[in-house]
Amino acid sequence: MAVIISYLPTILASFTAIILACLIGSYMGQKLVLSKKNGLAENLSLHKTLSCLANILRFIPYIMLLFILWLALNRFTGILPVIAGAVFLEILPMAVLDTRKTLDSVSTDIINAATALGAAPEDILKLFMYPAVKEQLIRKNIYLLFYGLFCAIASLLWFSLIAR
C-alpha cells in the first residue's frame, strides 16, 4: 500500500500532462486542418510551421528516452518530472495527428453546405465539423489517456527496478 501511495504523485502529474497534451494537441490539429491549402482559413506559413513542429515532436520521446536512461543511471534528478515530461512529449504529437486525421475525414459536402449557409471558419469547425466527428475524437482521446497512463506506470515500474 505504501508503494502505491508513493507512486500517486507521479501518476497524478502524468494524468495532468496527458490532459494538457490532449488539449494542446487538439488545438494544434484543428489549426492544421483550418490552415491547410484550400482549407477554411488558408495560411500556408502557419500550416508549414505547425506541420514541421508536429513532425519534430514525434521524434523527441526517443531522444528523451536516452536522456531518461542517462539520468536514471546517474541518479541526478527526481523521477516525477522526468516521467511526466516524457508522457507529455509522447502524447502531444499523437493528439495532433489524431485530431488532424479525424477532422480531415469530415465530408466535403458538410463543409460546402456550411460555407453556403455563410458560416465563418470557426463556426464551421464548432457547429459542423466537431459534431460530425465527436465520437471519434472522444474515443481517440480516451485511448491516449489510457496509453499515457500505461506508459507512466510502466516507466515507474522500470525506474523502481533500476533503483534497486
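Reader: Start with one residue. Is Ser35 buried or exposed?

Author: Buried means under 20% relative accessible area. Ser35 has 2%, so this residue counts as buried. Keep in mind that the model is predicted.

Reader: Where does Ser35 sit, and which residues is Ser35 in contact with beyond its neighbours within four places in sequence?

Author: Ser35 belongs to helix H1. Its contacts, with those neighbours left aside, are Ala41, Glu42, Asn43, Leu44, Leu46 and His47.

Reader: Now the overall fold. How many helices and strands are there?

Author: Count the elements, then read their order. The protein chain has six helices and zero strands. Along the sequence the pattern reads α-α-α-α-α-α.

Reader: How should I read confidence? What is the mean pLDDT of the chain, and where is confidence lowest and highest?

Author: Take the mean, then look at each element. The chain averages a pLDDT of 80, and 80% of its residues reach 70 or more. Helix H3, residues 60–74, has the lowest confidence, with a mean of 65. Helix H5, residues 108–116, has the highest, at 89.

Reader: What share of the residues is buried, and what does the accessible surface come to?

Author: Of 164 residues, 35% count as buried. The accessible surface of the chain is about 9800 Å². Carbon and sulfur atoms hold 70% of that surface.

Reader: What share of the contacts with a separation of 6 or more joins residues 24 or more positions apart?

Author: The share is 76% in this chain.

Reader: Take Val87. Which residues does Val87 touch, not counting those up to four places away in sequence?

Author: Val87 touches Ser14, Ile18, Gly148, Cys151 and Ala152 on that count.

Reader: Which residues form a nonpolar patch on the surface?

Author: Phe15, Ile19 and Leu23 form one, with about 270 Å² of accessible area together. Check two members. Phe15 is in helix H1, and its relative accessible area is 35%. Ile19 also lies in helix H1, at 37% relative accessibility.

Reader: What does Phe15 touch, not counting residues up to four places away in sequence?

Author: Phe15 touches Leu145 and Leu149.

Reader: Last, charges. How many salt bridges does a search of the whole structure find?

Author: The search finds one. Asp104 pairs with Lys36, and the closest N and O atoms are 2.8 Å apart. The pair links distant parts of the chain, 68 residues apart. Asp104 is in helix H4 (residues 79–104), while Lys36 is in the loop between helix H1 (2–35) and helix H2 (44–57).

Reader: How accessible are Asp104 and Lys36?

Author: Asp104 is partly exposed, at 34% relative accessible area. Lys36 is partly exposed as well, at 29%.

Conventions: Residues numbered from 1 in each chain as written. Predicted model: local features only at pLDDT ≥ 70, side-chain atom pairs only at ≥ 80, totals over all residues. Heavy atoms only, no water. Salt bridge = Lys/Arg side-chain N within 4 Å of Asp/Glu carboxyl O. Helix = DSSP H or I, 4+ residues; strand = E, 2+ residues; numbered from the N terminus. Buried < 20%, exposed > 50% of the residue type's maximum accessible area, 1.4 Å probe, protein only. pLDDT = per-residue confidence, 0-100. Patch = residues over 30% accessible without salt bridge, like charges linked within 9 Å, V, L, I, M, F, W, Y side chains within 5 Å. Areas by Shrake-Rupley, 256 points an atom, 1.4 Å probe, with all protein chains shown as cover. Contact = heavy atoms within 4.5 Å.
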